[in-house]
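Please find below a short note on the model under review.

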Amino acid sequence: MPTCLTLYGIKNCDTVRKARNWLEERDVAYVFHDYKLAGVTAQTLEEWAAQVGWEKLLNKAGTTFRKLPDADKTDLTEKRAIALMLAQPTLIKRPVLNTPQGLLVGFKPDLYAAALGKN
């Protein structure tokens, strides 16, 4: 297991805050990457989509997605979804934790515990 994981998200997101607290309470070393401030590359999104599928990455439940014009929301493809997430990083479901076993998208304590060997 790498000594330092990367947690991607947005600092002010409640779910990201819960994930960060969970990691810190268990002394799990990680680097936080705020993709609203620091951005995210097309290559990163393409790699994530290859691992977990673009549908899992795209946050359709959030306000940002609901405010999109209908034309942007219909007939989505991976290419179009990635372009939307690049243009508006708040469309990326959060947090995304890069682990040795792969990506964890969203925060579920039991999945974090299983992936990181922590309770």
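Leaving aside its neighbours within four places in sequence, with which residues is Val 40 in contact?

1. Val 40 is in contact with Tyr 35, Leu 45, Trp 48, Leu 86 and Ile 92, its neighbours within four places in sequence being left aside; contact means heavy atoms within 4.5 Å. The model is predicted: local features need pLDDT of at least 70 and side-chain atom pairs count only at pLDDT 80 or more, whereas totals for chains, interfaces and linings use all residues. Residues are numbered from 1 along each chain as its sequence is written, and side-chain values use heavy atoms, with hydrogens and water left out.

2. The loop between E2 and H2 holds Val 40. With 16% relative accessibility, this residue counts as buried (under 20% relative accessible area, with exposed over 50% and partly exposed in between; 1.4 Å probe, protein chains only). From Val 40 to Ala 50, ten residues along the sequence, the C-alpha to C-alpha separation is 16 Å.

3. Four strands form an open sheet in the order E2-E1-E3-E4, with mixed pairing. Strands (E, at least two residues) and helices (H or I, at least four) are DSSP runs numbered from the N terminus; two strands pair if DSSP finds at least two bridges between them. Strands E2 (30-34) and E4 (102-105) are at the edges and have a single partner strand each, so one side of each lacks a neighbour in the sheet.

4. Strands E1 (residues 5-9) and E3 (residues 96-99) run antiparallel and are joined by three bridges. Tyr 8 has Val 96 as its bridge partner in E3.

5. Helix H2 (residues 42-52) lies across E1, E3 and E4, and runs at about 90 degrees to E4. Axes are lines fitted to C-alpha atoms, for helices over the stretch in contact, and angles run from 0 to 180 degrees between N-to-C directions.
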